[in-house]
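Please read the following report alongside the sequence and the coordinates.

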Amino acid sequence: MDDRHPPPVSASRRAFLHGIPLLTAAAALAPAPARAGDARHQWAMLIDVRKCIGCQACTVACLQENAVPAGSFRTIVSTYSVKLTDAAQPAGIYLLPRLCNHCDNPPCVPVCPVGATFKRDDGIVVVDGGRCVGCAYCVQACPYDARFINHDTGEADKCTFCAHRVEAGLLPACVETCVGGARIFGDLNAPKGELRRRLEEAKPDLKVLKPELATEPRVFYIGLDARFQGKVEGQGTLWQPRATHA
Amino acid sequence: MSPDIVETVNVAREVPWLPWAVQYFFLIGLSYGAFLVSLPGLVFRRAGWEGSARLALLAALVCGLTAPVALLADLHQPGRFWHFYAYFTPSSWMSWGAFFIPVYLTGLMLYAWLAFRPLLARLAGEGGRCAGLARTLAYGGHDSRNALVAAAALAFVGAALVAFYTGVEVMLVRARPLWDTPLLPLQFFVTAIAGGLGLTLLFNRYAPGTANGSATRRLASALAASQFIALLVGAVWLALGLSGLAPTHAQALAQVSPSANWQLSAVWAVAASVLTLLLAWKRPGSGVLLGLLALHSAWMMRWTIFIGGQQVPKTGAGYYSYQLPLGPEGLMGIVGTAGLWLFLFVALTTLLPLERLGRAGQTGA
């Protein structure tokens, strides 16, 4: 053997070493979340609080449809007893269905440290559960208290407008079950759709929650009393589902 | 609060940032606070600061190594912490923080190693159970001045970034008016410095044979200054809220002022700061009491801001009630971080006894 020449470098080793940067780059880039959703649609909801009867059928339907753990809620009808001064009866009830507002300028999205929460092309704000680290920064950033940490998954959870149902051509569970027809779901891009028609009709009375924050909610309200548009000034509720004390 | 509206049905959201988060903000604050206290003696070689500077560096190290564990435990999916590095998101200050913490800790550990090397070599020479380990860690035991300054500079950049991000990431939460104030990072910073001084005072007091009156007085006067600034910042916050000049302050004040708990917390915080200020000013020799008071104020401030702040509903009426759970989501989080802190303290002081660190002189001989 001629020892003046070094042994040939293994071609396979060279190929392997060349491949390392490629593998590293691919590992970093591959699991980008799918920005799903058809951009031809822009989903939104209109809630006519005058029609809500406070039956909480939407609350229960949502819990069932989305297997929300006990004590947590993606939607609920906040119920208030309001003293009346201009009627014979002493007090009335004010009902306000709440859910994620699927904001056009969602404060929950930029704060997520791992890009797990994002707005889909069809306007629905979702959480990529597999990527979420459960830091709850988005829970803090949401001005509507619409997010929570799901105790079963350890991930941030919220209303998705029942995206899985919408993709199958169905209505969100809360809309489907609403007894009073108070929730209207539809596509802002469909000029002849019911949502657009109802929004146009109600235009002077349309309101959103906390407009001063410029989050541009995609959940609109008819009959929203100004006293309930932001943080409600009143006596707090006594019912706390996960509290261990009375 | 309007007596005309009573909420009858609503959801009470849980506190999603747990006591672990309070522990993290407390310990990382103590760490960078104590690190800054170590600079006059070790980097600028100010006479009389050497002993307390080494004790401050030990405090920075113990707290700095404990803090990230508390942060990790506050994640509801701690096993996915690597996502912070795989999916960097520049719009999120928390994402930046995941990179700032290693910068700070790398600088801090290098700085501590370079500062303690000569002492480690001396301890190795004296024999004892840890002599072998001390010799290995001393790695020759050279007093590398330039390297020490370079490591301190790296740690300083890291500390500044950590102090900045921990304040800003909370300040930017517009959904919580109580947090949404540019004064919050300053309040975190001032109380962190006070806490760092407090822990150094305690170490200084409990380092046998080193109880150094002049060092205690120096630390006490720095603590008095920090309390004065803390009170000043608090007064500015209150003035902005009462005058209505800053709507977010006015909103925050309106949210918390009707609550008896908040009134008590405010009175408590002011009283503790005034007491610390007066003690540090009039009786600067009372090192233990001063140290405990400063640590208590730094912790209370963070507990009130985080746990108290999360009890204010963003949309609902009144307040959410919070009871400290006894398990890992509550008390065990506090006890657990305290236990880890204690373990690291014992481990490090076994190798580097407090009395040797606290001794006057350039290298703690």
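This is a predicted model: local features need pLDDT of at least 70, side-chain atom pairs count only at pLDDT 80 or more; totals for chains, interfaces and linings use all residues.

Residues are numbered from 1 along each chain as its sequence is written, and chains are lettered from A and ligands numbered from 1 in the order in which they are written.

Helices (H or I, at least four residues) and strands (E, at least two) are DSSP runs, numbered from the N terminus. Leaving aside residues up to four places away in sequence, L223(B) touches A194(B), L197(B), G198(B), T276(B), A280(B), L290(B) and A294(B), where contact is taken as C-beta atoms, placed from the backbone, lying within 7 Å.

Helix α8 of chain B, residues 213-243, has 31 residues and reaches 44 Å from its first C-alpha to its last, close to the 45 Å expected, that span being 1.5 Å times one less than the number of residues. Among the buried residues of α8(B) are A215(B), L219(B) and L223(B), and the elements covering the buried residues of this helix include α2, α7, α9, α10 and α11 of chain B. Just after α8(B), G244(B) takes a positive phi of about 80 degrees.

Between the chains, 43 residues of chain B are in contact with 51 residues of chain A. The largest share of the side of chain B that touches chain A comes from β1(B), with 5 residues. Strand β2 of chain A, residues 76-83, and β1(B) pair in the antiparallel sense over 4 bridges (pairing requires at least two DSSP bridges), and I5(B) is the bridge partner of V82(A).

Most residues other than glycine have a negative phi.

| Residue | Phi | Loop in chain A |
|---|---|---|
| Q56(A) | about 65 degrees | between β1 (43-48) and α2 (57-66) |
| A214(A) | about 55 degrees | between β9 (206-207) and β10 (219-222) |

Q56(A) counts as buried because it has 20 C-beta neighbours inside 10 Å, whereas A214(A), with 11 other C-beta atoms within 10 Å, is exposed. The cut-offs are 20 or more other C-beta atoms within 10 Å for buried, 12 or fewer for exposed, and partly exposed in between.

Note on methods: Two residues are in contact if their C-beta atoms, placed from the backbone, lie within 7 Å.
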